[in-house]
Amino acid sequence: MSNSQNICVRVDHVTKSFQRGSEKVEVLNGLSLQVPVGEFLGLMGPSGSGKTTLLNLIAGLDQPTSGSVWVGDTEISHLSESQLAAWRTRNLGFVFQFYHLLPVLTAYQNVELPLLLLPLSASQRKQQVLTALDIVGLSDRLHHRPGQLSGGQQQRVGIARAIVTDPALIVADEPTGDLDAKSAEEILNLLCELRTQLKKTIVMVTHDPRAAARADRVLHLDKGRLVEKDQASH
Ligand SMILES: Nc1ncnc2c1ncn2[C@@H]1O[C@H](COP(=O)(O)OP(=O)(O)OP(=O)(O)O)[C@@H](O)[C@H]1O
Ligand SMILES: [Mg+2]
């Protein structure tokens, strides 16, 4: 079986459980969803409902207990750890709530990091880093360290790092969760631009209804299942 051409992400009857001591905790219970190429999907749901767990499966950071996850033509739920790492480098950008930038590196160096894993010449690398930082509007902050940047600017570096390898899929876990309203708005504008101008597919987890309102479609998770909005507990 392969993925259909205009579907970027297909999650098929996925379950995920974690072992906590002698207890097995079921986090996702037979969950299926599809994200068309170029869609900006929002994922909402109460704390503990399994949003990050689902995002990590879509990003190839973890494997389902059963079921399958396809991204493009690749069934990532079948890959080994090392195959997954190689797959992520080329195909996926991850944006974190708390940016996960290395404090001793400049904006330029943080964005360059994912490219060091790819067979590129120094000049190709430089061009891609400058392009990514230009897209996020930080061409004038190349040599600033994270501590010298505002939260919104740090998240823009995080987004530049996510897009620098030109992945088809961007996943973001609460990308505006640590930002004030104005910076959050700027980050959401940027995500919308990635979708409309660069044709990226984006899956974003958020608690913020204003952030979710910017997505093309919003799915609600409750206790490891997708529910209709009026059934969700918030
Ligand atoms: N590695 C793990 N080991 C054991 N249990 C885990 C693990 N990761 C997640 N869980 C459990 O899975 C459930 C869902 O966690 P998850 O982080 O996906 O929730 P979430 O919807 O992202 O919540 P939040 O909105 O607070 O970020 C929680 O009950 C959590 O304790
Ligand atoms: Mg979470």
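Predicted model: local features only at pLDDT ≥ 70, side-chain atom pairs only at ≥ 80, totals over all residues.

Colleague: Which residues of α5 are buried?

Modeller: Q153, Q154, Q155, R156, V157, G158, I159, A160, R161, A162 and I163.

Colleague: And what covers the buried residues of α5?

Modeller: The cover includes strands β6 and β7. It also includes helices α3 (107–112), α4 (122–135) and α6.

Colleague: How does α5 lie on those strands?

Modeller: Helix α5 spans residues 151–163 and lies across β6 and β7. Its direction runs at about 165° to β6.

Colleague: How far does α5 reach from end to end?

Modeller: From its first C-alpha to its last, α5 reaches 19 Å. That is close to the 18 Å expected at 1.5 Å a residue.

Colleague: Let's move to the sheet. What is the strand order?

Modeller: The order is β6-β7-β8-β3-β9-β10. It is an open sheet of six strands, and the pairing is mixed.

Colleague: Which strands stand at the edges?

Modeller: β6 (92–95) and β10 (225–227). Each has a single partner strand, so one side of each is left without a neighbour in the sheet.

Colleague: What holds strands together in general?

Modeller: Strands of a sheet pair through backbone hydrogen bonds, either parallel or antiparallel.

Colleague: How much are neighbouring strands of this sheet turned against each other?

Modeller: By 25° on average, with direction ignored.

Colleague: Now β7 and β8. In what sense do they pair, parallel or antiparallel?

Modeller: Parallel, over five bridges. β7 covers residues 169–173 and β8 covers residues 201–205. Look at V171: its bridge partner in β8 is V203.

Colleague: What about β3? Buried or exposed?

Modeller: Five of the five residues of β3 are buried, so the strand is largely enclosed by the rest of the structure. Both of its faces are covered.

Colleague: Which residues of β3 are on which side?

Modeller: F40, G42 and M44 are on one side. L41 and L43 are on the other. In a regular strand the side chains alternate between the two faces of the sheet.

Colleague: And how many bridges join β3 to β8?

Modeller: Four, and the two strands run parallel. One pair to find is G42 with M204, its bridge partner in β8. β3 also pairs with β9 in the parallel sense, over four bridges. There, L43 has L219 of β9 as its bridge partner.

Colleague: Which helix packs on the sheet by β3?

Modeller: Helix α1, residues 51–58. It touches β3 (40–44), β7, β8 and β9 (217–222). Its direction makes about 155° with that of β8.

Colleague: Why do you call α1 largely enclosed?

Modeller: Six of its eight residues are buried, so the rest of the structure largely encloses it. The buried ones are K51, T53, L54, L55, L57 and I58. Just after α1, G60 takes a positive phi of about 70°.

Colleague: Next, the core. Which residues touch the most other members of the largest nonpolar core?

Modeller: L43, I58, A160, I170, V171, I202 and V203. That core has 59 residues. Helix α6 (residues 181–198) gives the most to it, with six residues.

Colleague: Take I170. What is it in contact with?

Modeller: Leaving aside neighbours within four places in sequence, I170 contacts G93, V95, A162, I163, L194, K200 and I202.

Colleague: Last one, the whole chain. How many helices and strands?

Modeller: Seven helices and ten strands. The radius of gyration is 18 Å, close to the 17 Å that the globule rule gives for 234 residues, so the chain is as compact as a globular protein of that length. Of the 234 residues, 40% count as buried.

Methods:
Residues numbered from 1 in each chain as written. Chains lettered and ligands numbered in written order. Core = buried A, V, L, I, M, F, W, Y, C linked by C-beta atoms within 7 Å. Buried ≥ 20, exposed ≤ 12 C-beta atoms within 10 Å, placed from the backbone. Contact = placed C-beta atoms within 7 Å. Pairing = 2+ DSSP bridges. Axes fitted to C-alpha atoms, helices over the stretch in contact; angles between N-to-C directions. Expected span 1.5 Å × (residues − 1). Rg over C-alpha atoms; globule rule 2.2 N^0.38 Å.
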